[in-house]
Amino acid sequence: MSVFELKEKITSAIFKAVKEHGVSVDQIVLDHPEVESFGDYSCNIAMRLSKQLKKNPIEIANTVKDSLYRLQTTDYRLIIDKVDVVKPGFINFWIKKEFLWKMAVENYEFPKTGRKIMVEFTDPNPFKEFHIGHLYSNTVGETLARLHEILGHEVRRACYQGDVGMHVSKSIWGILLSCHSREGGNLCNNLLKLEKQSLEERIKFLGECYALGAAKYEEDEKAKEEINALNKKIYEHDKDIEELYQVGRTWSLLYFEKIYERLGMKLKENGKCFDYYYFESAASEKGLKIVNEYLERGIFEKSEGAVIFPGKKYGLHTLVFINSAGLPTYEAKELGLAPAKYEDFSYDLSVIVTGNEINEYFKVLMKALSLISPELEKKTVHIGHGMVRLPEGKMSSRTGKVITGEWLLDEVKKKVKENYKSDNETSEKIGVAAVKYALLKSGIGHDVIFDFGKSISLEGNSGPYLQYTLVRTMSVLTKIRNTKYEIRNKDLNSKFQILNSEELSLLRTLYKFPEVIKSAADNYAPNLLCNYLYDLAQKFNLFYGKHRIIDREKVERPARNPAPNTSYSGARINETRLFLTVKTGEVLKKGMEILNLPVVDKM
RNA sequence: GUCGCGGUAGCUCAAUUGGAUAGAGCAGUUGCCUUCUAAGCAACCGGUUAUGGGUUCGAUUCCCAUUCGCGACGCCA
């Protein structure tokens with residue numbers, strides 16, 4: 001029996017019991033109490049009915065309890081150990097230990113649903129750097145994708161990249177200037193000379209060009225005009241800059257793939273990390289067409305030479321979709337993107353992960369989409385994640401106040417290496433886990449204030465803590481595997497009864513794993529899974545520190561050679577604890593896989 | 001100015017969507033390695049949940065006001 005079935009059984013039993021009182025309720029809330037001494041499940045129905053029935057909640061709770069006892073089915077009797085009515089009017093349920101055990105040991109897998117979900121995330125822009133905001137989006141998006149895969153859905157990953165637009169023309173303008181000042185001759189050849197340099201250096205160069213263009217755009221009227229003109233040229237594939245443009249674009253895209261692989265994304269059939277790549281250059285054509293079509297139908301309006309969506313009519317902002325130069329803005333492109341995605345993969349749900357700074361835009365966008373294609377609008381969900389900020393404020397590529405993803409990963413890796421003297425490969429894995437966990441562990445909506453040294457923790461509630469705990473469980477198992485041992489507590493029936501408080505507490509955490517996955521996925525909240533895994537690891541470490549899995553006193557060591565990894569032949573193993581250890585390891589491993597945290601053998 | 005989001009321990013964050021005694025980590029103090037990995041464990045310290053009212057059996061959570069911070073508010077994404 002799964003956790004879900006168990007909960008359903010208790011809920012329906014309560015439902016029946018309540019019905020006996022002649023009242024009907026729309027739903028029964030059944031939760032795990034925070035405090036373990038309040039049982040495994042808790043119901044507040046008596047308090048909710050108190051007003052309606054004009055009776056004391058305790059009284060109601062007691063009669064419900066009596067009805068439960070009278071109505072009980074064999075299933076129910078099998079599951080429930082004890083029911084209690086407490087103070088304000090809670091009805092608390094204790095599950096038989098045997099069942100807790102069964103649920104914990106069972107490897108629950110969610111059945112395939114056939115539901116098709118597309119998740120769009122990361123969305124870095126070619127010609128600009130991949131900063132820690134992209135790192136955040138990638139980490140969150142990948143975990144959301146994995147959570148939905150675990151739930152049995154068919155998931156596709158999408159990445160939408162801005163290969164046209166003002167930021168590109170600013171970069172190109174910067175490149176033109178930089179390449180000119182180096183030498184004369186063919187611009188593209190000058191750029192290609194950089195090919196000898198590492199990809200990282202070339203990307204850095206592009207970033208600098210952007211900063212240059214962006215700064216001049218604001219300072220220099222002439223530069224501004226040139227950049228605006230360039231923007232149009234890029235849209236029109238003007239042959240003067242096309243070659244240059246393609247070179248830079250290719251470098252960027254290659255570079256992004258390298259980072260995705262470093263972050264542990266799996267390669268797809270196309271040999272890349274995302275299933276689908278969308279570009280603004282393509283979306284803009286579709287978007288233009290759609291907006292123009294619906295301009296005639298009166299959904300959009302002309303105003304001051306631009307095409308706008310009158311959001312004010314619907315209590316939202318009015319936004320420009322096609323600017324006065326005839327070019328589509330972000331909003332129009334997004335309108336083009338939705339049907340393009342649907343053509344590739346006829347999804348039931350489209351999840352779009354972006355920074356929360358565009359939350360307001362998205363509301364407008366969704367309103368416009370609902371008038372154009374209501375069925376697509378219904379299938380679309382926008383998740384705005386918090387922005388990554390530096391202690392001194394917002395990041396800005398223009399002023400160079402940017403922390404790139406690679407820099408962060410490298411620095412953390414270095415710190416791990418220095419602090420713990422671990423080898424290169426291990427340090428990399430620990431560093432990646434530390435960075436990702438730091439981004440995943442808090443709620444998705446809030447901004448993340450990034451402060452190196454404070455933000456990325458290697459101990460306490462951190463990625464390495466989970467890795468370390470997993471290593472501990474594996475270490476016990478290897479030790480046992482290499483050894484002949486006797487198992488104590490062979491008697492299965494007695495096993496459930498004699499659990500000490502640490503064992504019981506671990507068991508009560510273990511069986512909840514599938515519930516946590518479900519609620520993390522349903523709420524788009526990876527932090528729920530982080531919280532759970534951390535709690536589990538803490539409980540395991542407490543248990544581990546307090547109790548022996550392999551009996552110490554039975555260890556026979558060769559008298560002359562008391563090395564720590566000698567044979568443990570003759571050691572006795574507590575089977576209950578062994579199972580708890582195995583299970584903890586499994587859950588940790590699975591959970592870390594969903595969070596996409598690398599696993600290490602030793603630390 | 002209008003709209004949206006937020007304010008929880010010195011710092012960074014939780015709190016099962018209205019539940020029981022508001023919990024962790026970091027920082028600080030103190031113990032624990034000849035015993036399955038000390039990136040660990042235990043203990044202490046730390047709170048008028050921004051402020052004031054309201055709704056009810058019950059509020060960090062919902063409503064109103066005040067205040068502070070961030071974002072958006074017509075041609076960037």
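**Notes on the model**

1. A residue is near a molecule or strand if its C-beta atom, placed from the backbone, lies within 6 Å of it. Helices (H or I, at least four residues) and strands (E, at least two) are DSSP runs, numbered from the N terminus.

2. This is a predicted model, in which local features need pLDDT of at least 70 and side-chain atom pairs count only at pLDDT 80 or more, while totals for chains, interfaces and linings use all residues. Residues are numbered from 1 along each chain as its sequence is written, and chains are lettered from A and ligands numbered from 1 in the order in which they are written.

3. Around RNA strand B there are 79 residues, of which S42, N323, S442, G443 and G460 come nearest.

4. One open sheet has three strands in the order β8-β9-β10, with antiparallel pairing. Strands β8 (301–303) and β10 (319–322) each have a single partner, so one side of each lacks a neighbour in the sheet. Two strands pair if DSSP finds at least two bridges between them. Strand β9 (residues 306–309) is joined to β10 by three bridges, and F309 stands opposite L319 in β10.

5. A further open sheet has four strands in the order β1-β2-β4-β3, again with antiparallel pairing. Its edge strands are β1 (30–31) and β3 (80–86). Three bridges link β2 (residues 41–43) with β4 (residues 90–95); the bridge partner of C43 in β4 is I91.
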